[in-house]
Amino acid sequence: MQRALDFDKTPALGVPLPFLLNVPLFGLLAGLLATWAGPQAFLSRWDAATLALTHLWTLGILGSAMLGASIQILAVACNVPIAAARPVARTTHALLTLGTLALAGGFLWWSPTAWLGAIGLLAAAFALYLLSVGVALWRHRKTVYKGAKEILVPVRGALAALGLTVLMGLVMAGSLGLGLSLPAWVGSHILWGLLGWGGLLLMAMSFQLLPIFQLTELYPKSLTRWLPLLVPGLLVAWSALDASSGLPHLMRETVELLLVGAYLAWIGTSLQRLWARKRPTAEATTLFWFTSLTCLLACAPAWVWLRHGQALQAPMVLGVLLIVGGLGAVVHGMLYKIVPFLLWKHAQDAIIIPDRDPAQVRVYLKVLPKMAEYIPVRAAQAHWACYTLMTASWLLAAAGWAPATRAAGPLLLLSAALLAWNLGCALRRYRKALRDAAALPHHQITPYIPVVPGR
Ligand code: HEM
């Protein structure tokens, strides 16, 4: 009963697009920082540059893309549009962008002023976003599409996990800013952020988007029903055990083992479904999914290494597998689906043909590019190859291989530049399509024209 999208509910282009364009922007910034820091960035997870890099990735790249994509997916897949989407998105985007820069600056220069600034900006960004989405979920609870109910459970879980992650992050940043001792919440902050927010959102997207875009079989009902409930339950149990002193470590590790098992069930099913998909060609999005799921699969042995080895590199490798490989690859793959679709849809919507004259419709459709023409397949696949190479270099760097610590930054710069180029070309095609259509007689056009970098 899943899997339909109502494209007429697509929000204005100016709502999700700025969030999505943050991905190459923060990719370039993280690439510059990793290039400048070099081996230092991979020495210790508590190094200033490493913490700044972590948040350029989690908030700047993953956070921006996921907030933008969620607004879009809630509207088209669930019939949950947020009210006043344009001002909410614009304000959230500005606050999130500035707040992430301030937080990264706080870590880099160990600056209380930057931390306190970041707290104000990020608290406002997430409060506005979560409130708007929360109100939309409540207001539209009775008109949610029938097939979308299953994905709303993991989406709600992901949003609650995001709220908790942010809250813990803000309190920790506040403690750093005010020079107080740090509450021992880092473990929970990481787990709720990566396995709660990131993991559950990925799960929700896979339930909905893999069957539609990759023509895979539907996920088993038992899995879509129970996993999105099991994961938050295990996270609550983990945090409770982590907060109680005197209990044997084994209890917490058992919960971790169950979490690994729960995610392995989802990863195994997703890989099997993707492998047996009915769409024969592997477009860039499919390839990014494979990179992501392979990295997520590798998290299981990395977790065993973390728990049963003493190596300082183990948490770094696990972090890179989750952030750069698992979540980052899907976010990048998603861009190659969402951005061409948004531009194609809005180019069509921008043109109002008087009386819907079929002859005129044909003329207009001829000047508008097809969806696949916005970003050529080869360009997207080349970017996937570069992204996967970059992920491998980050993994080797995290594992302590010196040459990779020098290559990781430049490779991220290259990957982000390729993405910026591909998205820039798509935006130029969109603007050209609108101009070509405007040159035709008897037109009425109401376009949203984004600013294309470098033009
Ligand atoms: C308002 C947003 C956030 C703030 C203010 C924030 C702040 C912080 C702070 C203060 C630390 C601890 C630094 C230390 O111990 O010295 C930290 C660590 C961390 N945060 Fe966040 N955070 C935020 C959002 C997120 C999100 C959304 C994620 C993941 C999805 C995330 C992932 C991490 C990770 C992985 C670490 C550990 C870094 C490491 O071990 O190298 N943070 N964060």
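Which residue forms a salt bridge with lysine 432? The first legend takes up that pair, and the other close-ups follow; please keep in mind that this is a predicted model.

View 1. Lysine 432 pairs with aspartate 436, and their closest N and O atoms are 2.9 Å apart. The two residues are four positions apart in helix α14 (residues 402-439), so about one helical turn separates them. Lysine 432 is partly exposed, with a relative accessible area of 44%, and aspartate 436 is partly exposed as well, at 29%. Elsewhere, salt bridges with shared partners join Arg279, Glu283 and Lys337 into one network.

View 2. The structure holds eight salt bridges, and one of them links glutamate 150 with lysine 221, with 3.2 Å between the closest N and O atoms. Glutamate 150 belongs to helix α5 and lysine 221 to helix α7 (residues 221-243), so this pair ties together parts that are 71 residues apart in sequence.

View 3. Arginine 252 lies in helix α8 (residues 249-275) and aspartate 242 in helix α7, so the pair ties together parts that are 10 residues apart in sequence. Arginine 252 is buried, with a relative accessible area of 17%, while aspartate 242 counts as partly exposed at 25%.

**View 4. The shell around the ligand.** In the side chain of arginine 45, an N or O atom is 2.8 Å from an oxygen atom of the ligand. Histidine 55 places a polar side-chain atom 2.8 Å from a ligand nitrogen, and a polar side-chain atom of histidine 189 likewise lies 2.8 Å from a nitrogen atom of the ligand.

View 5. Leu25, Leu29, Leu32, Leu98 and Leu101 form a nonpolar patch on the surface, with about 430 Å² of accessible area together. Both α1 (17-37) and α3 (85-109) supply at least two residues of the patch, and α1 gives the most, with three. Leucine 32 lies in helix α1 and counts as exposed at 51% relative accessibility. Asparagine 22 is also in helix α1, but it counts as buried at 4%. The side chain of asparagine 22 makes a polar contact with the side chain of serine 64, at 3.1 Å.

**View 6. Cysteines without a disulfide.** A search of the whole structure finds zero disulfides. For cysteine 299, the closest cysteine sulfur is that of cysteine 295, which at 7.4 Å is too far for a bond. Cysteine 386 is in no disulfide either, with the nearest cysteine sulfur, again that of cysteine 295, 15 Å away. Cysteine 299 counts as buried at 11% relative accessibility, and cysteine 386 counts as buried at 8%.

How values were computed: Residues are numbered from 1 along each chain as its sequence is written. This is a predicted model: local features need pLDDT of at least 70, side-chain atom pairs count only at pLDDT 80 or more; totals for chains, interfaces and linings use all residues. Side-chain values use heavy atoms; hydrogens and water are left out. A disulfide is a pair of cysteine sulfur atoms within 2.5 Å. Buried means under 20% relative accessible area, exposed over 50%, partly exposed in between (1.4 Å probe, protein chains only). Patches are made of residues with over 30% relative accessible area and no salt bridge: like charges are joined within 9 Å, nonpolar side chains (Val, Leu, Ile, Met, Phe, Trp, Tyr) within 5 Å. Accessible areas come from the Shrake-Rupley method with a 1.4 Å probe; for residues, only the protein chains shown count as cover. A salt bridge is a side-chain nitrogen of Lys or Arg within 4 Å of a carboxyl oxygen of Asp or Glu. A polar contact is a pair of N or O atoms within 3.5 Å; within protein, one must be able to donate a hydrogen and the other to accept it, and residues adjacent in sequence count only if both atoms are side-chain atoms.
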